[in-house]
Amino acid sequence: MAGTILLRDMLHDDLEIFFKQQLDNEANWMAAFTSEKPEDRTVFDEHWRRIMADASIMRKTIIFNGQVAGYVSKYFDDGRAEIAYWIGREFWGRGIATSALSQLLSVMVERPVFARVAKDNLASFRVLEKCGFAIIGEGSGYANARRAETGEYIMRLDH
Ligand SMILES: CC(C)(COP(=O)(O)OP(=O)(O)OC[C@H]1O[C@@H](n2cnc3c(N)ncnc32)[C@H](O)[C@@H]1OP(=O)(O)O)[C@@H](O)C(=O)NCCC(=O)NCCS
């Protein structure tokens, strides 16, 4: 991987770029459990307004060679620390998600950390595996991006 991958605090202006990045059809299929209508800017803005206002969420913008490549975040679900990430398609396959997640994990004090991934999202599964997550269970739910019930792995990082 050639290039510098940095995390910085998320700025409101970054949302314009995240909105465009989350419109990609292939990315939506991979992530599966997405917004019902990614193109609906009102829904997007309301979703991110809540995230930006929540002091318990750690929100980091990923900068690759000076460009906004995506985001990585930590949030709490039922008191459990979970992580999420999304990389703009033009930045895929350069180790950016793996580096960004490992940088986030290195500044997080919570352990264990949990993640959920659609079973066939092999790129994301691999990112989690490389960062030390292991499968601890399975689940399934309705995936908006596929309009279908979809299986997922529940993964956990202990160290
Ligand atoms: C999943 C995602 C975050 C990966 O980002 P990335 O920066 O391309 O990831 P990295 O380059 O760090 O690593 C990807 C790994 O998956 C592998 N990979 C990519 N596509 C793959 C595929 N179709 N099958 C198997 N492995 C695949 C890569 O080879 C790499 O592993 P390696 O280092 O062992 O070769 C990115 O594609 C994305 O944002 N997708 C849409 C949103 C999403 O799925 N978010 C996660 C929801 S759980």
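Two residues are in contact if their C-beta atoms, placed from the backbone, lie within 7 Å. The structure described here is a predicted model, in which local features need pLDDT of at least 70, side-chain atom pairs count only at pLDDT 80 or more, and totals for chains, interfaces and linings use all residues. Residues are numbered from 1 along each chain as its sequence is written. The chain has 5 helices and 7 strands, where helices (H or I, at least four residues) and strands (E, at least two) are DSSP runs numbered from the N terminus.

**Overall fold**

- Along the sequence, the elements follow the pattern β-α-α-α-β-β-β-α-β-α-β-β.
- The radius of gyration of the chain is 15 Å, close to the 15 Å that the globule rule gives for 159 residues, so the chain is as compact as a globular protein of that length. This radius is taken over C-alpha atoms, and the globule rule is 2.2 Å times the number of residues to the power 0.38.
- The C-alpha trace spans about 35 × 35 × 30 Å along its principal axes.
- Of the 159 residues, 27% count as buried. A residue is buried if 20 or more other C-beta atoms lie within 10 Å of its own, exposed if 12 or fewer, and partly exposed in between, with C-beta atoms placed from the backbone.
- Among contacts between residues at least 6 apart in sequence, 58% join residues at least 24 apart.

**Nonpolar core**

- The largest nonpolar core has 32 residues, and those with the most contacts inside it are Ile62, Val72, Tyr85, Ile96, Ala100 and Leu101. Such a core is a set of buried Ala, Val, Leu, Ile, Met, Phe, Trp, Tyr and Cys residues joined through C-beta atoms within 7 Å.
- At least two residues of this core come from each of E1, E2, E3, E4, H4, E5, H5 and E7.
- H4 gives the largest share of this core, 5 residues.
- In soluble globular proteins, nonpolar side chains tend to be buried together.

**Ile62 in strand E2**

- Ile62 is found in strand E2 and is buried, with 28 other C-beta atoms within 10 Å.
- Not counting residues up to four places away in sequence, Ile62 touches Ile5, Leu7, Ala69, Gly70, Tyr71, Val72, Ile96 and Ala100.
- Ile62 and Met10 lie 52 residues apart in sequence, and their C-alpha atoms are 8.7 Å apart in space.

**Helix H4**

- The 12 residues of H4 should span 16 Å at 1.5 Å a residue, and the end C-alpha atoms are 17 Å apart, which agrees. The expected span is 1.5 Å times one less than the number of residues in the helix.
- Ile96, Ala97, Ser99, Ala100, Leu101 and Leu104 are the buried residues of H4.
- These buried residues pack against strand E1 (5-9), E2, E3, E4 and H5.
- Leaving aside residues up to four places away in sequence, Ile96 touches Ile5, Ile62, Phe64, Ala69, Ile87 and Phe91.

**Surroundings of the ligand**

- The ligand is surrounded by 20 residues, of which the closest are Ala97, Thr98, Leu122, Ala123 and Arg126. A residue is near a molecule if its C-beta atom, placed from the backbone, lies within 6 Å of it.
- Two or more residues of this shell come from each of helix H2 (25-31), strand E4 (80-87), H4 and helix H5 (122-130).
- H5 supplies the largest share of the shell, 5 residues.
- By class, the shell has 13 nonpolar, 5 polar and 2 charged residues. Here Ala, Val, Leu, Ile, Met, Phe, Trp, Tyr, Cys and Pro count as nonpolar, Asp, Glu, Lys and Arg as charged, and the others, Gly among them, as polar.

**Loops and backbone features**

- Gln22 lies in the loop between helix H1 (14-21) and H2, and counts as buried, with 20 C-beta neighbours inside 10 Å.
- Apart from neighbours within four places in sequence, Gln22 is in contact with Pro38 and Trp86.
- Asn65, in the loop between strand E2 (58-64) and strand E3 (67-77), has a positive phi near 50° although it is a residue other than glycine. Asn65 counts as exposed, with 12 C-beta neighbours inside 10 Å.
- Arg147, in the loop between strand E6 (134-143) and strand E7 (148-157), is not a glycine but has a positive phi of about 50°. Arg147 is exposed, with 9 other C-beta atoms within 10 Å.
- A cis peptide bond, with omega about 0°, joins Arg111 and Pro112. Pro112 is found in the loop between helix H4 (96-107) and strand E5 (113-118).
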